[in-house]
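Work through the exercises below with the sequence and the model side by side. Try each task before reading its solution.

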Amino acid sequence: MDQIKWGILATGGIASTFTEQVRRLPDAEIAAVASRSAGPAEAFAERFGIPRAYGSWAELAGDAGVDVVYVATPHAAHRAAAGLCLEAGRAVLCEKPFTLNAADAAELVDLARSRGRFLMEAMWTYCNPVVLEMLRLVRDGAIGEVRAVHADFGITGPFDAGHRMRDPAQGGGALLDLGVYPVAFAQLLLGEPDDVQARAQLTPEGVDSNTGILLGWDSGAVGMLSCSMTADTPMTAAVTGTAGRIEFPRGFFDPRLCVLHRPGREPEEITVRSEHSGMQHEAAEVMRCLRAGEKESPLVPLDGTLAVMRTLDAVRERIGVRYPGEDEE
């Protein structure tokens, strides 16, 4: 597989960013793009020089010349779009949040495993080399035992009543769009929490606009997280242990560096040289897995994705956010 051929499912902003970055990889080719109608797909294909454009998801899913499909739809459509591609035999990289809820996520994972198809959540943070170096430091005991994780992600908006961020039918709210990052970051270090507490302000439509999350583990470790679509938060993160801490500056979800603080020592700036940047890290991991015949990524394991989805479900239960079609029990 000298060249991995990608299909892009959806034509919005995140799909544009991914396409722009991945087409710069020498071993990747953007072979096809699909939308719900031909017009947007053809315009996207012309913009990026993509040879095939489809006016339906099914046509892309059925394209045997595509090795892997990047699903970049709004997250309410992830289950349907990714499932269609898996059933057609395509490998899938699915944007975060993986699905609307843990039940849909489990269905996708079961489908991929039963069909023997590669599936990965597009959690680019987990593939970032600075984050991976932080994990190595933590595992090597550089800061002792982890006691607390702090992380936040908030943006100002404003989002009017018709925006997808406020639409329950599209999985609106700060939690799924933004809060998934702090939750995933905390669970990367500490695993699935034993206790979940949360409080939020809801919009008139019934989705969360400003949310605080307190996670607890039986070890005594805690996670203090927040997300907002009404306030520009620092977007920083910190991992504190019994013997020091590691801090990430603004943009912790795609860091260029972190800083190791230990008592009695000067702060140490941690950087990692890499030939990739941004979304290229996750794309490179997908391509490595495909060439190696791996059905799941060790960097973004599906069991970890499921655990994050269960935590997001628990937060929504605490704050009273439900989406159309979800059981009322």
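**Exercise 1.** Decide whether Asp254 is buried or exposed, and find which residues it touches.

Solution. Step 1: Asp254 has a relative accessible area of 14%. Buried means under 20% relative accessible area, exposed over 50%, and partly exposed in between, with a 1.4 Å probe and protein chains only. Asp254 is therefore buried.
Step 1: Asp254 sits in the loop that runs between strand E12 (244-248) and strand E13 (258-261). Helices (H or I, at least four residues) and strands (E, at least two) are DSSP runs, numbered from the N terminus.
Step 2: Leaving out residues up to four places away in sequence, Asp254 touches Trp124, Asn128 and Gly278; contact means heavy atoms within 4.5 Å.
Step 3: The side chains of Asp254 and Asn128 are joined by a polar contact of 3.3 Å. Such a contact is a pair of N or O atoms within 3.5 Å; within protein, one must be able to donate a hydrogen and the other to accept it, and residues adjacent in sequence count only if both atoms are side-chain atoms.

The model is predicted: local features need pLDDT of at least 70, side-chain atom pairs count only at pLDDT 80 or more, and totals for chains, interfaces and linings use all residues. Residues are numbered from 1 along each chain as its sequence is written, and side-chain values use heavy atoms, with hydrogens and water left out.

**Exercise 2.** Find which residues of H6 meet which residues of H7.

Solution. Step 1: In helix H6 (residues 129-139), take Val131, Met134, Leu135 and Val138. Step 2: In H7, their partners are Phe185, Leu188 and Leu189.
Step 1: Sorted by type, the contact has seven nonpolar residues, no polar and no charged. Here Ala, Val, Leu, Ile, Met, Phe, Trp, Tyr, Cys and Pro count as nonpolar, Asp, Glu, Lys and Arg as charged, and the others, Gly among them, as polar.
Step 2: For Phe185, neighbours within four places in sequence aside, the contacts are Met134, Val149, Ala151, Ala237, Val239, Phe248 and Phe252.

Notes
Axes are lines fitted to C-alpha atoms, for helices over the stretch in contact, and angles run from 0 to 180 degrees between N-to-C directions.
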